Amino acid sequence: MFDLTIPGFGRLEITDAVFDYNGTLAADGLLLEGVHERIRRLRSELRMHVVTADTFGSAARELQRLPCALVILDAENQAEAKRDFVQGLGAAHVVAIGNGRNDRMMLKTAALGITVCGIEGAAPEAAEAADVVVHHIVDALDLLLHPKRLLATLRA
Ligand SMILES: [Mg+2]
């Protein structure tokens, strides 16, 4: 867990991280460089979950050695399914990380939403729903490993 009080934003007591897969942790179905070791380092701080439509059918293989629970979604109503998953964990204790239009609802409902604008870009709805926008997943993971970095971005 990380526990951080941000003036004008509130107190973040985060126990769970929920990640989108393609465009966020992965490109063309393959985990991006730098993700593997950071996810391993985060395991002592956060429970981690990956929610994905798994377009390339590669998520289970790519994540097999990582401490992440994998949830594969049906093709329909993905935005609602991602939001419902975050709510089921307890949205007040969740950081959500994504890039797509179907991530917008989980980004909004989570206590902290981080949008990654990587090589696939980010949907404007995802950026609008987020608290922080970063340009690479490594930066998002480093924010979770060093949460005090959020202070300067989010304080009023
Ligand atoms: Mg995506």
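In the predicted model, D20 is buried, and N22 is buried as well.

The axes of helix α1, which covers residues 35-42, and helix α6, which covers residues 137-145, come within 10 Å of each other and cross at roughly 20°. Because angles under 35 degrees count as roughly parallel, α1 is described as roughly parallel to α6. The crossing in which α1 passes α6 is left-handed. On the side of α1, the residues that meet the partner helix are V35, R38, I39, R41 and L42, while α6 contributes I137, V138, L141, D142, L144 and L145.

Helix α6 is itself mostly covered, since seven of its nine residues are buried. These buried residues of α6 are I137, V138, A140, L141, D142, L143 and L144. One of them, D142, lies in helix α6 and has a relative accessibility of 14%, so D142 counts as buried, the cut-off for this class being under 20% relative accessible area. When neighbours within four places in sequence are left aside, D142 is in contact with R38 and R149; R38 is also among the α1 residues that meet α6.

L70 has its place in strand β7, which spans residues 68-72. With a relative accessible area of 31%, L70 is partly exposed, because this class lies between the limit of under 20% for buried residues and that of over 50% for exposed ones. Apart from neighbours within four places in sequence, the residues in contact with L70 are V50, T52, A59, A60 and L63. L70 and V18 are separated by 52 residues in sequence, and the distance between them in space, taken from C-alpha to C-alpha, is 9.9 Å.

Note on methods
Residues are numbered from 1 along each chain as its sequence is written. This is a predicted model: local features need pLDDT of at least 70, side-chain atom pairs count only at pLDDT 80 or more; totals for chains, interfaces and linings use all residues. Side-chain values use heavy atoms; hydrogens and water are left out. Axes are lines fitted to C-alpha atoms, for helices over the stretch in contact, and angles run from 0 to 180 degrees between N-to-C directions. Helices (H or I, at least four residues) and strands (E, at least two) are DSSP runs, numbered from the N terminus. Angles under 35 degrees count as roughly parallel, over 145 as roughly antiparallel, 65 to 115 as roughly perpendicular and the rest as oblique. A crossing is left-handed if the near helix is turned anticlockwise from the far one by less than a right angle, and right-handed if clockwise. Contact means heavy atoms within 4.5 Å. Buried means under 20% relative accessible area, exposed over 50%, partly exposed in between (1.4 Å probe, protein chains only).
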